[in-house]
Amino acid sequence: MATRRKKSDDGLRAPGIPTRGEERSTELQQQQQLQQQQQQQQQQSAAGYAMNTANYHEDLLHDLFQVVRATDSDHVETLVAMIRSHASLEEVRLYLDQTLAGTRVVVHDQQARRNLEGLRQGIEVISEPPRFRPQIMDIRYLCGSAPIRVPAKPWTSVTDDDDLVSHLVSLYLVWDYPFYAFFDRRSFVRDMARGNIESDFCSPLLVNALLANACYFSQYTEAYSVPGDVRTKGADFLAEAERHMQSHQFEKGGDTRLASLQATLLLYERYSLSGTDDWGYTMLHRATDMAQSMGIVNSSALHLRPSQMSEAMIVSIKRTAWGLFQADTVVHTNFLRPSRVRGVSVSRITAKETGADDLWAPYPIDNTTCPSYMALYFDEACELSFIARDISYNLSRREASGVRPDERKQELYNRLRDWETNLSDPLELASHSPPHIALLRMRYHTLVINLCCDRLGARRPRSESDERPPTQDGFRAADIAMSSARAIASLTQIMRAEWGMEHAHPFAMYAINLALFTLLDQDTFDILDRDFLSLTSAMSIVACRSQLGRSVFHVFKLSVRSRNQGDRVQSSDEVPPGIKELFQVRQAQAPDRWDYYVEGIADVDKDATHVNTLSDGLQSSATTGLQDMLQRYERLSVGKGDYTWRRRRPKETTSL
């Protein structure tokens, strides 16, 4: 029957007229030929682009990252298969172009895409450090060189790999350096590149301290002594820095080298991330003592004359003095203690000395540049430090009694608002603004919350002063602090959208944690608050990168669970599984994937030993309020607040 039907159909077909099957076959062949021609043209175009464009491989890598981040898993699997099958760069380039073009067509509404991403990914949490990336040697061909090129020798014995050292120095100068900027970048890089071991601006101690800090921002295996253990990040470089520090405990003849002071400030940063005993405060106080012995802080005005020293030395001294002032006010105000640097004895660095034309690029994310505005940033950060210093004295009750606390707080708050109002236009947040601009505004909002801190904490017994009406200007501590906490949430979202949180400065972790506990301490705390969930997600990313972060995140987790709102999270359809798991109250037999974050808490809770039971965990690590959290954060990072480094003072001379 089927055969007859076919013959009948053939019999009805006029000579020369193709069947439907033949028509389809012809159309397919034509389409395939057209596609092959287009592919050949595109491949030829890609090959020509490769020959004529110096940044071909960097652009290829950038688009590869964009496709992996922005598209579905099918594209990722295809790319992996192409790479494993030794596809040519032109074939990979073609696939990336086609995928990105399709993505632009499908996702035509940028705001809709951001809203969709925020619904789930924006509040998901991460409990592990990012997966290891290949070693530097394996990616050198695709990534190209780091923006700063410096040698490993003669500065460190940890490695002889110039590419690794250049990578780490570049990371530090991009992501960490701008926040305090307490040494002159140009002089440091110049003399390190020259290998000048006798330099006034570079030393093995300074270089190894910097490399130890830089490992915090890297996920390459070379950044770890024990791969996967964040406690060992930069440990080898730190050990060498400590050896140099001990062998030159006091400089020859009692002199203090500027590079040694700068290295001490770097060690303060490094120890603060590891929570090693009291070494954070130790190094910061030692740096202050060294600066005092040099006469650049806490003394009468010191005039730096070009006839006595080079212009580069003058710039370096100014940077170090004012950078120390910023670090001192940040740390002591963060933990409600009086600053130790009362004033700076040298004049402020000028815009010309800063390098107003500097550009900033987010290495190793991409090579897009934008103005750094370092001259404006550094000047405004110094101005903010004066207000922070006065706040620290107010919070420590060193101010003379006779002025009502609210009136004094209102005065300081007005100064903070005036500072923010008068910020220069270039420091307004815009697309691709460097992250230190957002950090400066975060610092402002942390000062606001610190100023309100003693009036916060729903669990703290209310005193008579709490019942007083607000001052005439309306200083309402709780409302003001909540507004700043939500502002920090907005700034965090901007940073995350622009650059991600994987390279965020350690201060961002403090600011995010402070905002979280400000929200958590309210009588009206809502665990489903969008700002709270997005801050939790961001905190989980930065917490993965250090022992301090893990310990602080563990305290936060148990503090939230103790508020007994976990059931609301579990019943919400908008909360991702990671958030639900984080805030779910569990039985002793069901530990979660964050349990290993508890390491380090025992140093704070001396009277309690952690065991994997809910009751013991809540008793030993949950906080009673914002101030309790700050005390724990202080102990976990810089050490005990009453600790003061004391040294035997030999007969000293001062040398710049």
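Mentor: For the residue classes here, Ala, Val, Leu, Ile, Met, Phe, Trp, Tyr, Cys and Pro count as nonpolar, Asp, Glu, Lys and Arg as charged, and the others, Gly among them, as polar. Keep in mind that this is a predicted model.

Trainee: Got it. How many cavities of 30 Å³ or more does the count come to?

Mentor: Seven. The largest cavity has a volume of about 280 Å³.

Trainee: What's the lining like by class?

Mentor: There are 15 nonpolar, five polar and two charged residues in the lining of the largest cavity.

Trainee: Which elements give two or more residues to it?

Mentor: Helix 8 (162-180), helix 12, helix 14 (311-334), helix 20 (506-520) and helix 26 (626-637). Helix 12 gives the most, with four residues.

Trainee: Let's switch to helix packing. At roughly what angle do the axes of helix 11 and helix 12 cross?

Mentor: Roughly 135°, with the axes of helix 11 (residues 235-247) and helix 12 (residues 258-274) coming within 12 Å. Helix 11 and helix 12 are therefore oblique to each other.

Trainee: Is that crossing left-handed or right-handed?

Mentor: Left-handed, as helix 11 passes helix 12.

Trainee: Which residues meet there?

Mentor: From helix 11 you have A235, L238, A241, E242 and M245, and they meet L267, R270 and Y271 of helix 12. By class, that contact of helix 11 with helix 12 has six nonpolar, no polar and two charged residues.

Key: Residues numbered from 1 in each chain as written. Predicted model: local features only at pLDDT ≥ 70, side-chain atom pairs only at ≥ 80, totals over all residues. Heavy atoms only, no water. Axes fitted to C-alpha atoms, helices over the stretch in contact; angles between N-to-C directions. Parallel < 35°, antiparallel > 145°, perpendicular 65-115°, else oblique. Left-handed = near helix turned anticlockwise from the far one by under 90°. Contact = heavy atoms within 4.5 Å. 1 Å grid on protein atoms, 1.4 Å probe; cavity = no way out; pocket = protein on both sides within 12 Å on 5 of 7 lines; lining within 4 Å. Points joined across faces, edges and corners; volume = space filled by probe spheres on them.
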